[in-house]
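Hi everyone, thanks for making time for this one. Let me put the structure up, and then I'll walk you through it.

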Amino acid sequence: MPSPARRRVWAVAPFDLDFRPGERSARRAVRVSGPFPGQKDQERETVAINAEYIGREYPAPEPYEVTRGKIREFAEAINDPNPVYVDRAAAEAAGYPDVIAPPTFPVILGMAGSAYAVADPELGVDFSRVVHGDQSFHYSRPLRAGDVLTAVTRITDVKTLGGNGMLTLETVATAADGEHVVTAGMMLVVRGE
Amino acid sequence: MSLRHADVEVGTELPEQTFRVRRLDLVRYAGASGDFNPIHWNERFAKSVGLPDVIAHGMFTMAEAGRVLTDWTGDPGCVVDYSVRFSAPVVVPDDDEGADITVGGKVKAKNDDGTVNVLLTARSGGAKVLAKSTAVVRLA
């Protein structure tokens, strides 16, 4: 049985806490342990995002209008023939006032919100190194044609793990009458070298 | 015809489906979603950042896994929660075959409020491409 002492934790490094107030996020060359037992330590460029930016908000500059044409385009792009996305009569028969959008449609709002964060020069994220880590949606109801949604994206967490920066964002979309429609959560991995 | 809560048990399996994804699907998805990250359409760029080839949008895989869920329930509006972690990329070669994503699912819990918890699985090229892929759906 392998000794527990041989197990290495390839985990949160303390260096991402070293930011001075107002300092932007950065890629830093640091010495880290190899991920596997026996692997040499190595110089590695690490992505670190300043934790000071947790809570920063990026409101969408204008409301997002959900249209039948955009829902149809999205449903066709995911090759989903469900009639409630394109046929108003089918949607009404299912109890909706108009065609509804596929469950992952609100990623359009989340993606736009993440673009504002990624473009934030103070955050210092290199878009070319961004990979999507996880995604969640919590719906109060499905999006439907005719919705005019206000979206606000907020940074909910940043960390550094294994040399990669991890940026967690939450986009809350509300209807014109203030009703909550969907909250989209997204974790982006900013890959180190 | 929507699925009813009474028709479902813990352990009920969702019908498995396999989805083909080609470069054209990624271009179309990029346009529809607004995600134009070049790793999803530019092989030269994808390789320059250490990827084996162009990879599918994670959200494309999440959308296809969502189809297994909504085809099963009948009503896509019944989804209350849906979350996934992208555990491996779906590598999409530049040929007419592309890649396959195979999605299955199983009911893990039946709740008193009329909802059920579903665990979805997705595989491509021998790799598990979604992890912790769970959904809560409200049934009639």
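A word on terms: helices (H or I, at least four residues) and strands (E, at least two) are DSSP runs, numbered from the N terminus. What you see is a predicted model, where local features need pLDDT of at least 70, side-chain atom pairs count only at pLDDT 80 or more, and totals for chains, interfaces and linings use all residues. Residues are numbered from 1 along each chain as its sequence is written, with chains lettered from A and ligands numbered from 1 in the order in which they are written.

Let's start with the place where the chains meet. Contact here puts two C-beta atoms, placed from the backbone, within 7 Å. Chain A brings 28 residues to it and chain B brings 27 residues. On the side of chain A, the elements giving two or more residues are α1 (68–77), α3 (107–118) and β5 (130–139). Which of them gives the largest share? That is β5(A), with eight residues. By type, this side of chain A has 16 nonpolar, eight polar and four charged residues; Ala, Val, Leu, Ile, Met, Phe, Trp, Tyr, Cys and Pro count as nonpolar, Asp, Glu, Lys and Arg as charged, and the others, Gly among them, as polar.

Stay with β5(A) for a moment. Strands pair if DSSP finds at least two bridges between them, and here five bridges link β5(A) to β2 (79–86) of chain B, running antiparallel. In one of these strands, β2(B), you'll find B:Ser83 as the bridge partner of A:Ser136.

Now α1(A). Its buried residues (20 or more other C-beta atoms within 10 Å; exposed is 12 or fewer, partly exposed in between) are A:Ile71, A:Phe74, A:Ala75 and A:Ala77. They line one face of the helix, because they fall within an arc of 160° seen down its axis, taking directions from the helix axis to the C-beta atoms. Their cover includes α1 (23–33) of chain B. Just past α1(A), A:Asn79 has a positive phi of about 55°.

A:Ile71 comes up again in the largest nonpolar core, of 79 residues, where A:Ile71, A:Leu167, B:Val21 and B:Leu120 have the most contacts. Such a core is a set of buried Ala, Val, Leu, Ile, Met, Phe, Trp, Tyr and Cys residues joined through C-beta atoms within 7 Å. Helix α3 (58–73) of chain B supplies its largest share, seven residues.

Finally, A:Leu161 sits in strand β6 (148–161) of chain A and is partly exposed, because it has 15 C-beta neighbours inside 10 Å.
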